[in-house]
Amino acid sequence: MQPQTFVFFGIVGSGKGTQVKLLMDFLKNKDGKECVYAYPGNEHRKIIESGTHTGQVVKETLTLGHLQPDFLTNSIVANILISSIAPDKHLIFDGYPRTLNQSETLEAMVNFYKRQNVKIVYIALGKEESMKRNLLRGRADDTREGIEKRFDEYVNKVVPAMNYFKDKPGYTLYEINGEQSIEDVHKDIIKALGY
């Protein structure tokens with residue numbers, strides 16, 4: 001099996017992170033190939049924990065509920081690829097791209113590394129279900145207003161970033177119903193991808 005490239009989209013609460021991990025385990029069992037996991041969220045957290053001036057600014061941006069600036073997120077993802085990508089590894093983007101600028105950068109990266117047939121997995125979840133799941137999680141920033149804001153930011157910025165790839169040669173978009181059990185979402189993803 002050729003190494004595959006996946007881009008995961010899903011609103012907070014869609015279980016995107018869980019589904020990415022399940023897919024990584026599935027691929028490892030299927031062909032033993034390693035996955036490069038490009039997830040800027042982790043790196044943003046590490047920057048915050050570093051105690052640097054940049055960490056402080058990133059934290060302030062996060063506290064306000066805004067997306068991090070494109071240059072920062074693009075450079076984080078580029079660094080992950082520079083240090084980890086190889087022709088025989090699968091590649092999974094998670095939580096990236098989140099703006100049109102980032103979509104254009106992702107396309108440039110994909111072209112540079114000659115990755116073909118990019119599979120975009122969108123785990124669709126309605127506003128009400130997203131609200132319910134996030135309030136259940138009970139994280140400090142998960143207030144009703146905070147979630148509303150994140151949902152609107154998602155619809156206004158992230159969905160256009162995903163739609164950038166619609167009908168583009170070399171990209172296929174799979175919409176998966178996220179309002180099911182974790183197992184059923186995973187099954188639907190595997191089925192949609194043709195495994």
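Lys127, Glu148 and Asp152 are tied together in a network of salt bridges, a salt bridge being a side-chain nitrogen of Lys or Arg within 4 Å of a carboxyl oxygen of Asp or Glu. Before going further, note that this is a predicted model, where local features need pLDDT of at least 70, side-chain atom pairs count only at pLDDT 80 or more, and totals for chains, interfaces and linings use all residues. Residues are numbered from 1 along each chain as its sequence is written, and side-chain values use heavy atoms, with hydrogens and water left out.

Glu148 and Lys127 meet at 3.3 Å, N to O. This pair bridges distant parts of the chain, with Glu148 in helix H7 and Lys127 in helix H6 (residues 127–137), 21 residues apart. Helices here are DSSP runs of H or I with at least four residues, strands are E runs of at least two, and both are numbered from the N terminus. Glu148 is partly exposed at 31% relative accessible area, and Lys127 is partly exposed at 31% as well; buried means under 20%, exposed over 50%, and partly exposed in between, using a 1.4 Å probe and protein chains only.

The structure holds 10 salt bridges. Another one joins Lys168 and Glu107 at 3.1 Å. Lys168 is in the loop between helix H7 (144–163) and strand S5 (171–177), while Glu107 belongs to helix H5 (residues 100–112), 61 residues away. Lys168 is partly exposed at 23%, whereas Glu107 counts as buried at 17%.

So what about a charge without a partner? Lys119, in strand S4 (residues 118–124), is buried yet has no salt bridge, and the nearest side chain of opposite charge, Asp31, is 11 Å away. Leaving out residues up to four places away in sequence, Lys119 touches Gln4, Thr5, Phe6, Val7, Thr172, Tyr174 and Leu193, where touching means heavy atoms within 4.5 Å.

Now zoom out. The chain has 8 helices and 5 strands, in the order β-α-β-α-α-α-β-α-β-α-α-β-α. Of its 195 residues, 43% count as buried. Residues 24 or more positions apart account for 76% of the contacts with a separation of 6 or more. The C-alpha trace spans about 45 × 40 × 30 Å along its principal axes.

Key. Lys and Arg count as positive and Asp and Glu as negative; His and the chain ends are not counted.
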